[in-house]
Amino acid sequence: MKITDLKTAVIQGNFEWILVRVYTDEGITGMGECYWGAGVETIVRRMKPLLVDEDPHNIDWLYQKMVRGMSGAGSTGGAVVAAISGIELALWDIKGQALNTPIYNLLGGRYRERIRVYADCGHGSEPTPASWAEKARQAIANGFTAIKFDIDNIDPEQFIEPYHVGIGKWKGWLQGQQRPISHREMDLMISLVGAVREAIGPYIDLAIDCHWNYNTRDAIKLAQELEPFNLMWLEDPIPPDNIEALKRVTDHSPVPICSGENHYTRHGLRPMITTQAVDIVQPDIPKVGGLLEAKKIADLADIYYIPMAAHNVSSPFATMAACHVCATMRNFIVLEFHGQDVAWWNDLVEGNQPLIQNGYITLPDKPGLGITLNEDVARAHLQAGSTFFE
Ligand code: MG
């Protein structure tokens, strides 16, 4: 079997979902998906000469060929690794179909038949306890047993563009200051997280994301303040660059610290695992290097008894690919679902059954990825300027 072509289509969901189709001379095509980002689709197309005429079964070798082929352009991280990841996912879909078996059987076999999923809730419609509690109750009503909220950028007094999570247009940045947490903001955080915990009761798992905003001391203080709410984890409390600083936070935090979505490949994740700078590691699978790279990272973490909770903002395709490899990880605990506000997320897949039922995705027993793109729905949400696998 030989690879003959590679094409893309970008679907505009709540993120851009960069779908990758790899074609073969035996009529089998594989579907992959890359993590979003400027230039990723262009880089995928640039990879085509490295893949055409190669045997798609040799996935690890082809991964290394792509990494080496793009090394001068920066294949230790960023958009290049995201592009490689999406192609790698498609190769597993081809191989599973060619060998007539689900992908999880090719990666060591299953520890579990269904994958636990947590719902990213973002934030309430306004920064009030009632609004956040309502958002939490909606997720629980949809069957989820684990949820996550974004706690950063919530104090309208402190931001140029208030209540816009993740951007961090904090007034202090203009003065060149570091990012402290004011007493007012801390009180607001405690009231919002407390309202969510009260709304969901004691036994629903709750994670809180900080998007790399705070200084080390205030991150520790925040963790201490949030201890009564029995968090599943506190995510990315400080910037992602300094693993020694992260270890200081983790060593002094009474709640589990989770990080990893901004790191790439086994080499990028290695220091936070081997120094035990995190309690839970959370690489994004279609960003970190693909299924086999994620499996290697999970196994490295497992040696240190660190659980794996995969980050995920993808369409159903990279989500299902992640489920296949998460099924094979001994230390897997939970996979993110970030599409609660995309009404047509499930409709991208042919068939009538929603992928997520009662907070779990059941692994398909069909060959390869096991799900098929609904092309009508995909075309209806094609990103402006993108072409549909042309
Ligand atoms: Mg996050």
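Trainee: Which side chain does the side chain of Q353 join in a polar contact?

Mentor: This is a predicted model, so local features are used only at pLDDT of at least 70 and side-chain atom pairs only at pLDDT 80 or more, while totals for chains, interfaces and linings use all residues. Residues are numbered from 1 along each chain as its sequence is written, and side-chain values use heavy atoms, with hydrogens and water left out. A polar contact is a pair of N or O atoms within 3.5 Å; within protein, one must be able to donate a hydrogen and the other to accept it, and residues adjacent in sequence count only if both atoms are side-chain atoms. At 3.1 Å, the partner of Q353 is Q357.

Trainee: Is Q353 buried or exposed?

Mentor: Q353 is found in the loop between β11 (332–337) and β12 (356–357), where helices (H or I, at least four residues) and strands (E, at least two) are DSSP runs numbered from the N terminus. Buried means under 20% relative accessible area, exposed over 50%, and partly exposed in between (1.4 Å probe, protein chains only). Because its relative accessibility is 61%, Q353 counts as exposed.

Trainee: With which side chain does the side chain of D5 make a polar contact?

Mentor: D5 has its place in strand β1 (residues 3–12). Its relative accessibility is 18%, so D5 counts as buried. The polar contact, at 2.9 Å, is with the side chain of K48.

Trainee: How are the rings of Y118 and W233 arranged as a pair?

Mentor: Rings of Phe, Tyr and Trp (its six-membered ring) pair if their centres lie within 6.5 Å; planes under 30 degrees apart count as stacked, over 60 as edge-to-face and the rest as tilted. By this rule the count comes to 8 aromatic pairs. For Y118 and W233 the centres are 5.4 Å apart and the planes stand at 85 degrees, so the pair is edge-to-face.

Trainee: How many residues apart in sequence are the parts that Y118 and W233 tie together?

Mentor: Y118 is buried, with a relative accessible area of 0%, and W233 counts as buried at 0% relative accessibility. Y118 lies in strand β4 (residues 114–122) and W233 in strand β7 (residues 233–235), so the parts tied together are apart in sequence by 115 residues.

Trainee: What kind of pair do the rings of W132 and F149 make?

Mentor: Both W132 and F149 are buried. W132 is in helix α6 (residues 129–141) and F149 in strand β5 (residues 146–150), and the pair links these distant parts of the chain, 17 residues apart. The ring centres are 5.1 Å apart with planes at 20 degrees, so the pair is stacked.

Trainee: Over the ring of which residue does the charged end of R21 sit?

Mentor: A charge sits over a ring if NZ of Lys or CZ of Arg is within 6 Å of the ring centre and within 35 degrees of the ring normal. K7 lies over the face of Y23, at 5.2 Å from the ring centre. The charged end of R21 is 4.1 Å from the centre of its ring, which belongs to F389.

Trainee: What is phi of N358, which is not a glycine?

Mentor: N358 is found in the loop between β12 and β13 (360–362). At 59% relative accessibility, N358 counts as exposed. Its phi is positive, at about 50 degrees.

Trainee: Which helix supplies the largest share of the lining of the largest cavity?

Mentor: On a 1 Å grid over the protein atoms alone, a cavity is a set of points where a 1.4 Å probe fits but cannot get out, and a pocket is an open set with protein on both sides within 12 Å along at least five of seven lines; lining residues have an atom within 4 Å of a point. The largest cavity holds about 40 Å³ of space, and its lining consists of I59, D60, Y63, E88, L292 and E293. At least two lining residues each come from α3 (59–69) and α12 (291–303). The largest share, 3 residues, comes from α3.

Trainee: How much space lies in the second largest pocket?

Mentor: Grid points are joined across faces, edges and corners, and a volume is the space filled by probe spheres set on the points. For the second largest pocket this space is about 300 Å³.

Trainee: Which residues of its lining are the closest to the centre of the second largest pocket?

Mentor: The pocket is lined by 17 residues. The closest to its centre are L355, P364, K366, G370 and I371.
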